[in-house]
Amino acid sequence: MLQIIANGLLIPFVGTALGAACVLFMKKELSGTVQKALTGFAAGVMIAASVWSLLIPALDQAAESGMGKISFLPAVIGFCLGMLFLLLLDTVTPHMHANETIEGPKSSFSKTTMMVFAIALHNIPEGMAVGVLYASLVNGAASITKEAALALSIGIAIQNFPEGAIVSMPLRSKGHTKAKSFLIGALTGIVEPIAGLLTIILSTFIIPVMPYLLSFAAGAMIYVVIEELVPEMADESEGHTNIGTILFMLGFSIMMVLDVALG
């Protein structure tokens with residue numbers, strides 16, 4: 001079981017590292033169209049994962065606990081708390097949103113630093129999401145299977161691939177070496193296994209609130225989609241394109257298939 005959990009926690013990080021590795025083979029920064037496509041795909045994966053891997057199991061676990069007609073309550077409360085938590089983090093921590101620019105003589109360093117921080121910050125709920133599912137598995141939740149937990153890990157790894165590239169490629173264009181750009185891009189994903197492991201450790205003391213934790217992670221992930229990914233995929237500063245919407249559909253469909261087929 002320990003090996004299964006370790007693999008599950010590390011898979012999303014591997015996705016980020018593979019995406020960051022694009023800087024080792026590509027010479028130019030990602031075009032606006034490619035970034036919109038990758039962002040749309042990531043958004044679709046995260047929305048599907050939030051619903052099938054987190055909210056539905058939260059509802060199932062609450063129903064299994066005997067809550068009856070109010071079994072929706074933990075999901076609603078946890079979901080809202082997850083979104084509010086990320087809203088609070090966005091408010092109190094300095095970082096740059098995907099579609100923001102910074103002017104001034106130090107704009108290159110500031111923009112790069114805050115972009116890296118933003119990606120790392122928003123990887124926390126994804127790590128929590130994986131951790132909550134594996135914690136439910138460890139604690140014997142009937143609604144969670146090894147395959148369902150693995151599906152979420154793979155889905156988040158898929159959507160982490162573009163995130164790694166979106167960090168490392170601009171770093172290279174700002175003058176950093178390929179090795180340094182790759183390392184920084186990959187390390188933005190290290191917060192995920194850490195957040196997942198901490199969630200598993202803490203969950204052993206708070207098993208009764210597992211439905212709240214599942215839905216909390218879902219709310220946090222959907223906040224990231226709404227606040228960061230959707231504005232990026234819909235940005236028309238470089239012209240209108242539907243590529244983000246099409247890739248959103250593809251990402252959502254793939255994650256839904258993964259979760260239903262493996263779960």
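Thr188 is in contact with Thr16, Val116, Ile119, Ala120, Asn123 and Val167, leaving out residues up to four places away in sequence. The model is predicted. Its chain has nine helices and zero strands, and 49% of the 263 residues are buried.

**Thr188 and helix H6**

- Thr188 sits in the loop that runs between H6 and helix H7, the latter spanning 191-203.
- Is Thr188 buried or exposed? Thr188 has a relative accessible area of 3%, and because the cut-off for buried is under 20%, Thr188 counts as buried.
- The side chain of Thr188 comes to 2.6 Å from the backbone oxygen of Gly185.
- Gly185 is itself one of the buried residues of helix H6 (residues 178-187), together with Ser181 and Ala186.
- Which helices do the buried residues of H6 pack against? They pack against H1 and H5.

**The largest nonpolar core**

- The largest nonpolar core contains 42 residues.
- Leu54, Ala129, Leu133, Tyr134, Leu152 and Met221 have the most contacts inside this core.
- At least two core residues come from each of helix H1 (2-20), helix H2 (32-64), helix H4 (107-138), helix H5 (146-173), helix H8 (210-233) and helix H9 (243-262).
- Which helix gives the largest share of this core? H8 does, with 13 residues.
- Leu54 touches Ala129, Leu133, Leu152 and Met221, which are also among the residues with the most contacts inside the core.

**The chain as a whole**

- Read from the N terminus on, the order of elements is α-α-α-α-α-α-α-α-α.
- Of the contacts in the chain between residues at least 6 apart in sequence, 85% join residues at least 24 apart.
- The chain exposes about 12,100 Å², and 73% of this area is supplied by carbon and sulfur atoms.

**Cysteines**

- How many disulfides does the structure hold? The structure holds zero.
- Cys22 is buried, with a relative accessible area of 14%.
- Cys80 counts as partly exposed, at 40% relative accessibility.

**Ile11 in helix H1**

- Ile11 belongs to helix H1.
- Ile11 has a relative accessible area of 25% and is therefore partly exposed, since the buried class ends under 20% and the exposed class begins over 50%.
- Apart from neighbours within four places in sequence, Ile11 contacts Leu150, Ser153, Ile154 and Ala157.
- Ile11 and Ile156 are 145 residues apart along the chain, and their C-alpha atoms are separated by 8.4 Å.

- Gln61 is part of helix H2 and counts as buried, at 10% relative accessibility.
- Between the C-alpha atoms of Gln61 and Tyr212 there are 9.8 Å in space, while these residues are 151 residues apart in sequence.
- Val34 is likewise found in helix H2.
- Is Val34 buried or partly exposed? Val34 counts as partly exposed, at 35% relative accessibility.
- The C-alpha atom of Val34 is separated by 9.8 Å from that of Ile166, with the two residues 132 residues apart along the chain.

- Ser71 has its place in the loop between H2 and helix H3 (73-92).
- Ser71 is buried, with a relative accessible area of 15%.
- What does Ser71 touch, not counting residues up to four places away in sequence? The residues in contact with Ser71 are Leu59, Ala62 and Ala63.

Methods: Residues numbered from 1 in each chain as written. Predicted model: local features only at pLDDT ≥ 70, side-chain atom pairs only at ≥ 80, totals over all residues. Heavy atoms only, no water. Core = buried A, V, L, I, M, F, W, Y, C linked by side-chain atoms within 4.5 Å. Buried < 20%, exposed > 50% of the residue type's maximum accessible area, 1.4 Å probe, protein only. Helix = DSSP H or I, 4+ residues; strand = E, 2+ residues; numbered from the N terminus. Contact = heavy atoms within 4.5 Å. Areas by Shrake-Rupley, 256 points an atom, 1.4 Å probe, with all protein chains shown as cover. Polar contact = N/O pair within 3.5 Å; in protein donor to acceptor, adjacent residues only side chain to side chain. Disulfide = S-S within 2.5 Å.
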